[in-house]
Amino acid sequence: MSIAEMSMLIHSGIMSPVEIAESVFDAIARHPDKAIFTALTKDRALTEAKAAAKRVAENRSLGWLDGVPVAWKDLYDIEDMPTPAGSDILRNATPAKRDAGVVDLLRQAGMVAIGRTNMSEFAFSGIGINPHYGTPHNPRSTDVPRVPGGSSSGSAVAVAAGLVPVAIGTDTGGSVRIPAALNGIVGYKASSGRYTTDGVFPLATSLDTLGPLCRSVQDAIWVDAAMRGATRPDVMRSPAPEGAIEIVVPENAVFDGAEPGVVKAFEAAIARLEKTGAKIVRLRIPAFEAITDLVKSRGALVTAEAFALHRERLSGPQADGIDPRVVARIRLGGNIAMADYIEILNTRRRLTKETEALLAGRLVAMPTVAHVAPAIEPLLQDDDLFFATNGKTLRNTGFGNFLGWCGVSIPCGTGDAGMPVGLLLSGAAGEDDKVLGAALRWEETVRG
């Protein structure tokens with residue numbers, strides 16, 4: 001059920017927030033996948049649900065989100081609970097003294113906190129495998145257990161499995177949009193600075209952003225407003241097609257090695273958009289190759305900043321308690337010299353400016369991920385396959401993170417094994433309202 005549907009039931013008196021919260025916990029208890037949540041906040045949720053029910057009954061609702069359940073990725077501070085960030089070594093960390101900034105803002109909007117969702121350890125993988133808390137299985141798979149995508153793995157699965165209408169993730173290299181695409185739901189990555197990151201466990205502060213995973217663009221817009229502290233959404237639908245913003249489809253990089261089924265689903269969605277009058281422009285975006293070359297010559301920005309964050313953990317006994325694959329990737333950041341790091345930042349600024357000039361206000365559309373969700377077992381058995389798949393999974397979304405883009409992943413069809421494919425609609429930093437408005441207008445066309 002979407003937020004919009006659930007809100008209608010609450011405010012029409014058909015269902016009580018308490019009934020909804022109790023049904024959520026009952027569904028979680030009955031669900032066979034026990035790796036979706038790392039912790040539940042049942043006492044808090046029922047207290048919040050009762051307060052919401054009282055407000056609605058007394059005709060003083062806080063708005064359309066009042067009484068609606070929400071789940072939180074395991075790196076958001078929740079008062080009186082540890083913040084493990086998907087890691088076993090922080091399972092018993094000192095409890096947070098207060099809620100993270102956005103957790104508190106959604107509480108003020110009346111939302112009911114259900115619990116913490118699983119994630120890739122320290123948010124450092126686009127695959128979603130976690131050896132400590134288990135790996136949530138992609139609920140769309142009908143053949144073999146498939147990855148959920150990461151790092152907001154449990155957040156995506158909790159929504160895709162119908163357990164909650166929305167879960168809040170983070171996105172440093174694609175960690176909201178990737179699992180949204182692989183699970184067939186909507187994922188919105190905001191521009192840096194749109195929300196407060198107070199109380200959110202970091203990965204790479206130059207790249208970290210936040211965003212919701214939900215069932216529709218409308219839901220994302222409602223939650224976005226609350227995460228900014230707004231009392232109502234202010235995003236406008238894009239104007240009629242003849243006056244709409246142009247959509248750029250990159251001719252380079254994003255289709256390299258893409259599965260035929262992914263390309264077919266994406267191109268079918270683009271054809272539907274053209275049929276409705278949207279103007280599609282295909283051109284090369286030079287920054288994509290430049291970013292790839294920069295990573296090869298200087299190293300990855302995310303790795304450099306992750307190493308600075310975790311350096312002490314990796315130099316002591318705690319390293320033995322961290323997923324070896326995470327350790328291996330983070331330690332690569334120790335090879336990046338200060339001069340290289342500064343050059344990466346300078347190049348990022350230059351490429352961002354050049355690309356914004358090239359796009360000139362146009363939006364960009366590409367496959368969110370070049371493949372559908374792969375099977376879990378082969379990745380567990382082969383480290384080389386894991387690292388290669390992880391790199392490919394993060395590639396398309398990672399371009400946007402480096403350039404500061406905001407973006408929305410919308411389901412656009414299915415590929416191999418009937419698994420979901422996502423279309424990623426992106427805009428330059430600060431163009432969130434434009435991207436969300438365009439996504440709202442075109443969502444039904446993209447879905448087909």
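Predicted model: local features only at pLDDT ≥ 70, side-chain atom pairs only at ≥ 80, totals over all residues.
**Entry 1: the largest pocket**

I began with the largest pocket and found 34 residues lining it, with Val-295, Ala-300, Val-302, Arg-329 and Leu-394 nearest its centre. The volume came out at about 880 Å³. I sorted the lining by class and wrote down 17 nonpolar, twelve polar and five charged residues.

**Entry 2: the second largest pocket**

Next I went to the second largest pocket, which has a volume of about 320 Å³. I listed 16 lining residues here, and the closest to the centre are Leu-62, Ala-109, Ala-230, Thr-231 and Arg-232. Two helices, α4 (101-108) and α7 (217-227), each supply at least two residues of this lining. The largest share is from α7, which brings three residues. By class I noted ten nonpolar, four polar and two charged residues.

Then I wanted to know how many cavities of 30 Å³ or more a search of the whole structure finds. My note says two. As a reminder, rolling a probe the size of a water molecule over the atoms shows where empty space is left.

The largest cavity holds about 60 Å³ of space. I wrote down its lining as Ser-120, Glu-121, Phe-124, Ser-125, Ile-129, Pro-131, Asp-323, Arg-325, Val-326 and Phe-386. That lining divides into five nonpolar, two polar and three charged residues.

The second largest cavity has about 40 Å³. Around it I found Arg-44, Glu-48, Val-70, Trp-72, Val-103, Leu-106, Arg-107, Met-111, Val-112 and Ala-113. I checked which elements put at least two residues each into this lining, and they are α3 (42-57), β2 (69-73), α4 and β3 (112-117). Here α4 gives the most, with three residues. The class count is seven nonpolar, no polar and three charged.

**Entry 3: a closer look at α4**

α4 had come up for the second largest pocket and again for the second largest cavity, and I stayed with this helix. Which residues of α4 are buried? I found Gly-101, Val-102, Val-103 and Leu-106. Among these, Val-103 and Leu-106 also line the second largest cavity. I looked up what covers the buried residues of α4, and the cover includes α3, β2, β4 (166-171), β6 (209-214) and α7.

**Entry 4: α4 against α7**

Two packed helices are described by the angle between their axes and the distance between the axes. I looked up both values for α4 and α7 and got an angle of about 110°, with the axes 8 Å apart. Angles of 65 to 115 degrees count as roughly perpendicular, so α4 and α7 are roughly perpendicular to each other. On the α4 side, the contact is made by Val-102, Leu-105 and Leu-106. On the α7 side, Val-223, Ala-226 and Met-227 make it. By class, I wrote down six nonpolar residues for this contact, with no polar and no charged ones.

**Entry 5: Gly-86**

I picked out Gly-86, which is found in the loop between β2 and α4. Buried or exposed? Gly-86 is buried, because its relative accessible area is 0% and the cut-off for buried is under 20%. I then looked for contacts, leaving aside neighbours within four places in sequence. Gly-86 touches Asp-74, Met-119, Glu-121, Asn-130, His-132 and Tyr-133.

**Entry 6: Thr-352**

My last stop was Thr-352, placed in helix α12 (residues 338-359). Its relative accessible area is 17%, and since buried means under 20%, Thr-352 counts as buried. Which residues is Thr-352 in contact with, leaving aside its neighbours within four places in sequence? I found Phe-402 and Leu-403.

Conventions
Residues numbered from 1 in each chain as written. Heavy atoms only, no water. 1 Å grid on protein atoms, 1.4 Å probe; cavity = no way out; pocket = protein on both sides within 12 Å on 5 of 7 lines; lining within 4 Å. Points joined across faces, edges and corners; volume = space filled by probe spheres on them. Nonpolar A, V, L, I, M, F, W, Y, C, P; charged D, E, K, R; others polar. Helix = DSSP H or I, 4+ residues; strand = E, 2+ residues; numbered from the N terminus. Axes fitted to C-alpha atoms, helices over the stretch in contact; angles between N-to-C directions. Parallel < 35°, antiparallel > 145°, perpendicular 65-115°, else oblique. Contact = heavy atoms within 4.5 Å. Buried < 20%, exposed > 50% of the residue type's maximum accessible area, 1.4 Å probe, protein only.
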